[in-house]
Amino acid sequence: NVNLNGYTLTPAGGEADNYEFTYVSGKLYITPNTSNAYVTISPESYVYTGDPIEPTSLVVRVDDAVLVEGRDYDVEYTEHTNVGTVTASITLKGNYEGTASATYEITKADGEASVTMAGWTYGQTAKNPVPTSSTNGTSNVTYVYYTDSACTQLTATTDGASSAGSKPSYAGSYFVKATFAATSNYKQVTAKASFTIAQKALTIS
């Protein structure tokens, strides 16, 4: 092991017919290995969870030796909860001296969301969609309206919509698709709901 104060060595046991030995103690100094350290992180990408994320595997090597955390090195991470690039900084110690680093990524998670929409009767005040999302929030949601459950056929003026894909006003069965914008930690997510505009009853007398 490294000993900056040196190990004392005292020779002994020499024999010779024509000589008398005088033993002089000496010092043996062992200094830290300063070879470059190499850091391997695996895997290199993780999905955001809301909790701090450390690598599944972090291996530090010097020459052919695999180092032991706590004994041979310490590791510190930059911010490692939110989406972004994380740097693992290695500081060698004990029998080793030097620093090294490696990076890994935290990527956006899938968002979760839902939307509901109550129906109304033709001629009444139109209802509005009610969005819910614990991941993406509801402050940045856009809505498009369709006439089919696959959400491929936009509403049109023939449905009482002011423009293609806007809210209908004529009686019929419709679908609304809500798009919740991506956030710093969650991907964009969509949800859909069905609703009906009922026919207005007429009384003829």
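Which residues form a nonpolar patch on the surface, and with how much accessible area together? I looked this up first, and I found that Tyr-7, Leu-9, Leu-28 and Ile-30 form the patch, with about 310 Å² of accessible area together.

Before going on, I note that this is a predicted model, in which local features need pLDDT of at least 70 and side-chain atom pairs count only at pLDDT 80 or more, while totals for chains, interfaces and linings use all residues. Residues are numbered from 1 along each chain as its sequence is written, and side-chain values use heavy atoms, with hydrogens and water left out.

**Surface patch**

For the patch I took residues with over 30% relative accessible area and no salt bridge, joining like charges within 9 Å and nonpolar side chains (Val, Leu, Ile, Met, Phe, Trp, Tyr) within 5 Å. The accessible areas come from the Shrake-Rupley method with a 1.4 Å probe, and for residues only the protein chains shown count as cover. I then looked up the strands (DSSP runs of E, at least two residues, numbered from the N terminus), and I found that β1 (3–9) and β2 (26–30) each supply at least two residues of the patch. Leu-9 has its place in strand β1, and its relative accessibility of 45% makes it partly exposed; here buried means under 20% relative accessible area, exposed over 50%, and partly exposed in between (1.4 Å probe, protein chains only).

**Salt bridges**

Side chains of opposite charge can pair when their charged atoms come close. I searched for salt bridges, each a side-chain nitrogen of Lys or Arg within 4 Å of a carboxyl oxygen of Asp or Glu, and the structure holds three.

In one of them Asp-72 pairs with Arg-71, with the closest N and O atoms 2.8 Å apart. I noted that Asp-72 is buried because its relative accessibility is 3%, whereas Arg-71, at 54%, is exposed.

Lys-93 and Asp-74 meet through their side chains in another salt bridge, at 3.1 Å from N to O. This pair links distant parts of the chain, 19 residues apart, with Lys-93 in the loop between β8 (84–92) and β9 (99–107) and Asp-74 in strand β7 (residues 73–77). I recorded Lys-93 as partly exposed at 29%, and Asp-74 as partly exposed at 38%.

I also found a salt bridge between the side chains of Lys-187 and Asp-110, at 3.4 Å from N to O. Here the distant parts of the chain are 77 residues apart, with Lys-187 in the loop between β14 (172–180) and β15 (189–198) and Asp-110 in the loop between β9 and β10 (114–116). Lys-187 is partly exposed at 40% relative accessibility, while Asp-110 is exposed at 56%.

**Aromatic rings**

Rings of Phe, Tyr and Trp (its six-membered ring) pair if their centres lie within 6.5 Å, with planes under 30 degrees apart counted as stacked, over 60 as edge-to-face and the rest as tilted. My search of the whole structure gave seven aromatic pairs. Tyr-122 is partly exposed at 39% relative accessibility, and Tyr-170 is partly exposed at 40%. I also looked at Tyr-145 and Phe-195, whose ring centres are 6.0 Å apart with planes at 90°, so this pair is edge-to-face. Because Tyr-145 lies in strand β13 and Phe-195 in strand β15, the pair ties together parts that are 50 residues apart in sequence. Tyr-145 and Phe-195 are both buried, and I found that Trp-120, Tyr-145, Tyr-174 and Phe-195 form one aromatic cluster.

Technical notes
Helix = DSSP H or I, 4+ residues; strand = E, 2+ residues; numbered from the N terminus.
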